[in-house]
Amino acid sequence: MPTPGGRIPVDALREAVRRAVEERRIRSVANEIGISVGGLHRFLKGSVPRASTQTKLLDWHVRSTVGELPSALAAAYLHRLLDPLGGRLRDRTLQRLIAALREGHRRQGTPPPAWLDALDPEGSGEA
């Protein structure tokens, strides 16, 4: 679960890495993350990573989960998160969220994720 500042706790990252290493070779996971095999071993044994390594771990975790989020699942998550708002407020909030995500990607110069295009194919900000 993310912390209030949007960071994923180190223990949650460690568990995600542990699962990845169980499925693949440790060298492969280290390469995906962008750290040394020794650094990954130390992290799995409980060491607290430097800020730059934590950033790499977080980026890897996001790429390995959210980056591959199926469009239908993204839509279901967003609708579930907004469901308590109900009716027109929910719909309008979703439209503003989509518009804000598109604007963030535009400003950064990156293409929006496929799931965002699936929610709003015309890029109109209206879901």
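How are helix 2 and helix 4 oriented to each other, roughly perpendicular or roughly parallel? The legends below take up this question and others. The model is predicted.

**View 1. Helix 2 crosses helix 4.** Helix 2 covers residues 26-33, and helix 4 covers residues 51-65. Their axes come within 9 Å. The crossing angle is roughly 100°. Angles of 65 to 115 degrees count as roughly perpendicular. Helix 2 and helix 4 are therefore roughly perpendicular to each other. On the helix 2 side, the contact is made by Val-29, Glu-32 and Ile-33. Helix 4 brings Lys-56, Leu-57, Trp-60 and Arg-63. By class, this contact of helix 2 with helix 4 has four nonpolar and three charged residues, and no polar ones.

**View 2. Helix 1 packs against helix 2.** Helix 1 spans residues 10-23. The axes of helix 1 and helix 2 lie 8 Å apart, at an angle of about 135°. That angle makes helix 1 oblique to helix 2. The crossing of helix 1 past helix 2 is right-handed. The contact of helix 1 with helix 2 has six nonpolar residues, with no polar and no charged ones.

**View 3. Helix 2 packs against helix 3.** Helix 3 runs over residues 37-44. Its axis is 9 Å from that of helix 2, and the angle is about 100°. That makes helix 2 roughly perpendicular to helix 3. From helix 2, the contact draws on Ile-26, Arg-27, Val-29, Ala-30 and Ile-33. From helix 3 come Val-37, Leu-40, His-41 and Leu-44. The residues of the contact of helix 2 with helix 3 split into seven nonpolar, one polar and one charged.

**View 4. Ile-26 and its contacts.** Ile-26 belongs to helix 2. Which residues does Ile-26 touch, not counting those up to four places away in sequence? They are Val-21, Val-37, Leu-40, His-41 and Leu-44. Take Val-37. Ile-26 and Val-37 are eleven residues apart along the chain. Their C-alpha atoms are separated by 6.8 Å.

**View 5. Arg-14 and the ring of Phe-43.** Arg-14 lies over the face of Phe-43. The distance to the ring centre is 4.5 Å. What about rings paired with rings? Two aromatic rings pair if their centres lie within 6.5 Å. By this rule, the count of aromatic pairs is zero.

Notes:
Residues are numbered from 1 along each chain as its sequence is written. This is a predicted model: local features need pLDDT of at least 70, side-chain atom pairs count only at pLDDT 80 or more; totals for chains, interfaces and linings use all residues. Side-chain values use heavy atoms; hydrogens and water are left out. Rings of Phe, Tyr and Trp (its six-membered ring) pair if their centres lie within 6.5 Å; planes under 30 degrees apart count as stacked, over 60 as edge-to-face and the rest as tilted. A charge sits over a ring if NZ of Lys or CZ of Arg is within 6 Å of the ring centre and within 35 degrees of the ring normal. Axes are lines fitted to C-alpha atoms, for helices over the stretch in contact, and angles run from 0 to 180 degrees between N-to-C directions. Helices (H or I, at least four residues) and strands (E, at least two) are DSSP runs, numbered from the N terminus. Angles under 35 degrees count as roughly parallel, over 145 as roughly antiparallel, 65 to 115 as roughly perpendicular and the rest as oblique. Contact means heavy atoms within 4.5 Å. Ala, Val, Leu, Ile, Met, Phe, Trp, Tyr, Cys and Pro count as nonpolar, Asp, Glu, Lys and Arg as charged, and the others, Gly among them, as polar. A crossing is left-handed if the near helix is turned anticlockwise from the far one by less than a right angle, and right-handed if clockwise.
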